[in-house]
Amino acid sequence: MSEKPGRERKPKALGIILTFVAVAIGVAVVAILFHAQTYTSPVGTQVAKSVGTVTVNGQTLQHVTLAFNTYPDASGSVDGQAIHPGGNPSWPSYGPTNQFQVPAHALVTVTMRQYDSGGSLNNPWFATVRGTVGSVARINGRLVHAVNPNNVGHTFTVRGAPGTDPGFFVNVPLPAVPGNNQSDNGQYETVIFSFVSGSQGVYGWNCEYPCGTSVAGFGGPMSAFGYMSGFLHVV
Amino acid sequence: MTTAAAPALLEDTQLSSRAGGLYRHQNIVTGLIGGIGLGAIGWALSHQFLQGSNWGTDMVVTVTMAGWVIGLLLGIGAFNAPVLWMLGHDQTHEDELYLAGVGQGPRRYWKFCTDHKVVGVQYLIAVFTIFGVGGTLAMMIRTQLVSAHSSFLGANAYNAIVSVHGMAMIVATIIMVTGPFGNFIVPIMVGAKDMAFPRLNALSFWLLFAAVPPLLATFVLGGVDAGWTTYAPLSVQAPPAMDAFAITILTFAVSVTLSGINIIVTVLTMRAEGMTLNRLPIFTWGAVIGSALGLYAMPAFMVGMVMMITDRVSGTSFFVAAVGGSGWLWENIFWIMGHPEVYVILIPPVAAMLEVVSTFARKPIFAYKVTVGAFIAIIALSIMVWAHHMFTTGWAPDLNGPFMLTTELISIPTGIIFLCVIGTLWRGSIWTRLPMYWAYLFLWNFIIGGVTGIYLSDVPADNYFHGDMFVTAHFHYTLLGGAMIAAVAAFCYWFPKVSGRMLNERIGKVAFWMVAIGIQITYFGMFWEGFEGMPRRVAYYDPIFLHANQMATVGAYLLMAGFVVLLYAIIHSWVHGRPAPANPWHAKSLEWMVPTPVPLENFLVEPVVTADPYGYGEPEPAAPAAEPEREPVPVGSAETTAGEPV
Amino acid sequence: MSSDLAVKTREPDPLPPEKAPFFSRPSGKIFLIWLAMTVVGVLIGFYAPHHLLPTMLSVEGRAVWATVVLLTVLAAPVAAFVYGVGFYSLVAWRQRGYGQSDEPPPDGPPLRGNSGLTILWLVVSGVLVVVMLVWGLAELASENATHPNSLQVDVTGQQWLWTFSYPGAGNLETRSLVLPDNRTIVFHVTSEDVTHGFWPVELGVQVDANPNVVTTIQATTNKLGAFTVRCSQLCGLYHSFMYASGAVVTPQAFAVWLHAHGASALTASDVARVSSSS
């Protein structure tokens, strides 16, 4: 009795347990990858179009253009270009993508249509155009330094990942279209601005108008990658 | 015993085909059906009636997850007996035997089973599973951080993984010793037939089981982006995943509370004759003291999470400053739970490791009573130190001095634990079997964790290191390098009793060296990051931290590989290992005096204790009766009552 | 199984006779190990912070450095003692030949405690705690002392950017933090949304930015150089992007910088003013 061996545990029973462990871990990994997949842009990266060169201060820079818009929702109801038609179709969204690629030290001209209504910024500092050429933006054909901080639809605010060019910063407020609700009546504000891109690296952009959910307005689309945030890859 | 037909081996008893009633048809499958079913019903109803409201999605997720938890418990049969009682019926003795798993073989591990040894093994598998998930997530984190601006995960998934890695590891470490060994070993150690409340015991395990899927579900509900500390108001504006996270914590806190009550009552009321408090094995003290602290800590977490849910679901504003609440309120509630909680994690494994040190140094535990006193002093102080996590929040700068005092005071009783370990090693006969390897590793790591903790307790230094990778490295050194390594020592020590097999020490030692070296590389990398000033929980970092991060990642892979090798050793031994004798370590506490495998109700004869289990090198205490032929039960400190038939 | 019952005590006590010279006794050897490891610990204490911490630009930053050194020096003897006994036990008292054996080595001596040693241990750790505490409180007091002529800076955290404003200079609001040398700076920190952690790394101080509350922290600059403001509190999606650059400059340069940015508060790199080419 003293040498009685352990109960003959069938390897099969243990096999079931281990299968269970493995399945649990597998489910977790698949869930994570699924999750990660959900939040990467489904459309891919918009590579800036080269339109020649331009001379700035005696320096010759490559001149490229980007074109993207902001929409009151992600359903594609305006022009079919909202980026998350399958995700949360009611969330405001940039489109057609949230990832852009521009060359380093080039003059980048961005043409945007802003379709969304809006309101007051959390911090009026973002109502001023910063970091663009001349610190101005051409809004509906008019050059402006700043917009009314209480009538902003979104902002396009770019800064680098830690360790990238600290001098490269762009903030362009996008004025709201009239209307209290998220309107998708097709009205839009045209915003055009140019900036000189920084050195190579990953730069993140996001919107600083609290267009999301919850108290400070930064929940939902503001905190989920791809709707009101994205990357500017400088290569 | 050589002749014994073992009348008490209840496993062989034939029960009537009606024994157990409804339980006969209930197992994990009906549990899952119940959980998914009630969850689906909850989803359908709340989706129908609540989706349109302001907090619709949060409401739906909360109701669905609560439905899952209740449905699982219903389906597995947790509420059968209470319902019977309410109807004026009771269960028969046969029903109770069925419930304890009599005559069901391995199937009982998949059921609501009241046998404390079955619950212990269930906990063990659950701990492995959760560590597996948490470890996998850690590898993903380290992979993201292998380069400064990696696109492996992206910020969303990274934050979600950081949160779940933290919570999964906290869940697993809280239960890693009190769950498996508090249930399997403690009742035998004190000479009890089972836990004081076997049904609550089963309930506490299945509550834990129910708590894990909502945690994993956070990944598909948008991800918790606020870390496991879920600081408000970020957590209030987090995606619906936060609701599932809250349900996890509520369920888990109930589980830990029930399990803690059970352990405390068992040790206080069910000790064998002669098992005075002075003779309690130190692990029993550790399990009781840790559980008692859990009873203090966990309710705070529950209260906080209820407030969090109401903030999110019904628009209260406990934690939202913009509408009258305060984020500091959450931080206080959280850390009132959070700091005691690290001692809930730490004390049981450390106490278990002291058993290992005593057994493998072949010496009594040094300064036993002082060490027990130190444990009590630690938990007493630990409830007064929480605001050291808030030195830099600006909440109450005037209290920084007092909290620095209590925090630094706690290093005095913690130092006593080191005195106990080195006092026990002093002039010992060091028997270098695998459990002792891990005990030495604990000693190495925990000193580093302790010393780096001193920097953080000092406010001026914390003003630099707070929220920094230095903190991450520090608490991994204490919780992984200290608590978890001590738990591995305890696991290797009790593995022969739990599995009936000897652990393969050759593979185990390979795993040991991989883990030991992996820990040092990983967390020295993180200390380096911390000194240089890298904040915690960042998905992208300044390239100046690149080399430190690569060092940490390499170490982390080695560490994980070491644990995988250890898992292989465990599985291999569990299936093919050498059968274990009843007392492979020639130790003296009661759990080694019972046969392996341990029969239902543990003791063939009720033990009588005449000495504490640390009489190494001492003459045997005067045995009441000579017992030349009867072996192996009981020897050492346990004695049969004279004249009782065996 | 009879071995279970037998009490075996190790036959020859490994302790040499009392007359043996100190350094051939275990306590003497452990003393030597302790001494060596203490020296190593102290050296690490002086080396590691000096080489790993960034160059600190403030009095408080120097205090971080000094505190780390002091605490390492205090902790080194304690850690060395525990390590010393641990290593020595492995080397000297390991029972060779038993590593693979199912039979345990003979029992060690039944030492159940030593109240003198316990009290000594408590007294030593108590003294160390008091030293640490006095040091910490003194540092704390000096960091909280009020200074005349301090520069007030308002810090605003929002997801996921810092902005700084200088109330003494017409509320000039900027994205980078420029500070004069040899001046006490009082930061008034708040947040527009969630909790952030304001951490000018090389100034060695930090405080959380909480919504609807202003918290303060001060630092006295004493060295010129660039530093980085990071966010030390997980604040959501772009937490890792939330940083700002800063510099400690001479008071004259600071005055020039304030003047230059005072009017339009533009922080763009001075790109030539070309008209929008579109």
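This is a predicted model: local features need pLDDT of at least 70, side-chain atom pairs count only at pLDDT 80 or more; totals for chains, interfaces and linings use all residues.
Start by selecting chains B and C. Their contact draws 99 residues from chain B and 95 residues from chain C. About 8,200 Å² is buried between chain B and chain C, with carbon and sulfur atoms giving 65% of that area.

You'll be looking for 6 salt bridges across the interface of chain B and chain C. To see one of them, zoom in on C:R112 and B:E618, whose side chains meet at 2.6 Å, N to O. Polar contacts across the interface of chain B and chain C come to 33 residue pairs, both residues at pLDDT 80 or more.

Next, hide chain C and colour the face of chain B that touches it. Elements giving two or more residues to this side include α6 (155-175), α12 (327-361) and α19 (505-532) of chain B. Pick out α16(B), which gives the most, with 9 residues. Coloured by class, this side of chain B shows 55 nonpolar, 23 polar and 21 charged residues.

Now bring chain C back and select it with chain A. Here the contact takes 47 residues from chain A and 30 residues from chain C. Chain A and chain C bury about 3,100 Å² between them, 60% of it on carbon and sulfur atoms. Click on A:W125, A:R159 and A:P162: these three supply 18% of the area that chain A buries against chain C, more than any other three residues.

How many salt bridges are there between chain A and chain C? The count is 0. Polar contacts across the interface of chain A and chain C number 9 residue pairs, both at pLDDT 80 or more.

Last stop: β12(A), which gives the most to the side of chain A that touches chain C, with 5 residues. That side of chain A divides into 21 nonpolar, 21 polar and 5 charged residues.

Notes. Residues are numbered from 1 along each chain as its sequence is written. Chains are lettered from A and ligands numbered from 1 in the order in which they are written. Side-chain values use heavy atoms; hydrogens and water are left out. Contact means heavy atoms within 4.5 Å. Buried area is the accessible area (1.4 Å probe) that two parts lose on being put together, summed over both. A salt bridge is a side-chain nitrogen of Lys or Arg within 4 Å of a carboxyl oxygen of Asp or Glu. A polar contact is a pair of N or O atoms within 3.5 Å; within protein, one must be able to donate a hydrogen and the other to accept it, and residues adjacent in sequence count only if both atoms are side-chain atoms. Helices (H or I, at least four residues) and strands (E, at least two) are DSSP runs, numbered from the N terminus. Ala, Val, Leu, Ile, Met, Phe, Trp, Tyr, Cys and Pro count as nonpolar, Asp, Glu, Lys and Arg as charged, and the others, Gly among them, as polar.
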